[in-house]
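Keep the side chains ready to show. We will go stop by stop.

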Amino acid sequence: MNNINNEEYFQIGEVSKKLGITPRTIRYYEEFGLLDPPLRIENGIRLYSNEDIRRIKFILKLKELGLTLKEMLELADIYNQHKQSITIMPKLIEILDDHIDKIDSRISKLASLRNDIVEYRKRILSLIEENK
């Protein structure tokens, strides 16, 4: 950990350990545009603030919720235009609603598939019983 202007900064290895991801993942989020370029000190060492860490945690949560990198980039672009978290909420709600619809559709298809399998199994058992 480094202190600069009374603010804590962490090197990429510290951040990756803290969040359970690889340094490469963090660099990829930067390259993709989900994170602003970090502060750099001598020898190009990246330093991340607590705000950077909160943003990475948010990205990881969005990933866990099933958002694509493209969707996350849309949110990042909105945030970067206004620099207020509240401005991304309407778009986030829209994206989450779309994901809910997709999940509901998958659940429906899986329930239908389950019913088909159960019926097929019953027919097989019936055939076995008939041939005894």
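Is Thr25 buried, partly exposed or exposed? Keep in mind as you look that this is a predicted model. Select Thr25, which sits in helix α2. Its relative accessible area is 23%, so Thr25 is partly exposed; buried would need a value under 20%.

**Next: the aromatic pair**

Stay on helix α2, residues 23–32. Show Tyr28 and Phe32, which both belong to this helix. They are four residues apart, about one turn of the helix. In an α-helix there are 3.6 residues a turn, so residues three or four places apart point the same way. How many aromatic pairs does a search of the whole structure find? It finds one. In that pair, the ring centres of Tyr28 and Phe32 are 5.8 Å apart and the ring planes meet at 25°, so the pair is stacked. The cut-off for stacked is under 30 degrees. Tyr28 is partly exposed, at 34% relative accessibility. Phe32 is partly exposed too, with a relative accessible area of 29%.

**Next: helix α1**

Select residues 12–19, helix α1. Which of its residues are buried? Colour Ile12, Val15, Ser16 and Leu19: these are buried. Now look down the helix axis. The buried residues of α1 fall within an arc of 95°, so they line one face of the helix. What do they pack against? Show β2 (7–11), α2, β4 (46–49) and α3; the buried residues of α1 pack against these elements. Then step just past the end of α1 to Gly20. Gly20 has a positive phi of about 70°.

**Last stop: the largest pocket**

Centre the view on Arg55, Phe58, Tyr79, Ser85 and Ile88. Of the 14 residues lining the largest pocket, these are the closest to its centre. The pocket has a volume of about 250 Å³. Which elements give two or more residues to its lining? They are α3 (50–64) and α4 (69–82). Helix α3 supplies the largest share, six residues. Colour the lining by class to finish.

Technical notes: Residues numbered from 1 in each chain as written. Predicted model: local features only at pLDDT ≥ 70, side-chain atom pairs only at ≥ 80, totals over all residues. Heavy atoms only, no water. 1 Å grid on protein atoms, 1.4 Å probe; cavity = no way out; pocket = protein on both sides within 12 Å on 5 of 7 lines; lining within 4 Å. Points joined across faces, edges and corners; volume = space filled by probe spheres on them. Buried < 20%, exposed > 50% of the residue type's maximum accessible area, 1.4 Å probe, protein only. Arc of directions from axis to C-beta. Contact = heavy atoms within 4.5 Å. Phe/Tyr/Trp six-rings, centres within 6.5 Å; stacked < 30°, edge-to-face > 60°.
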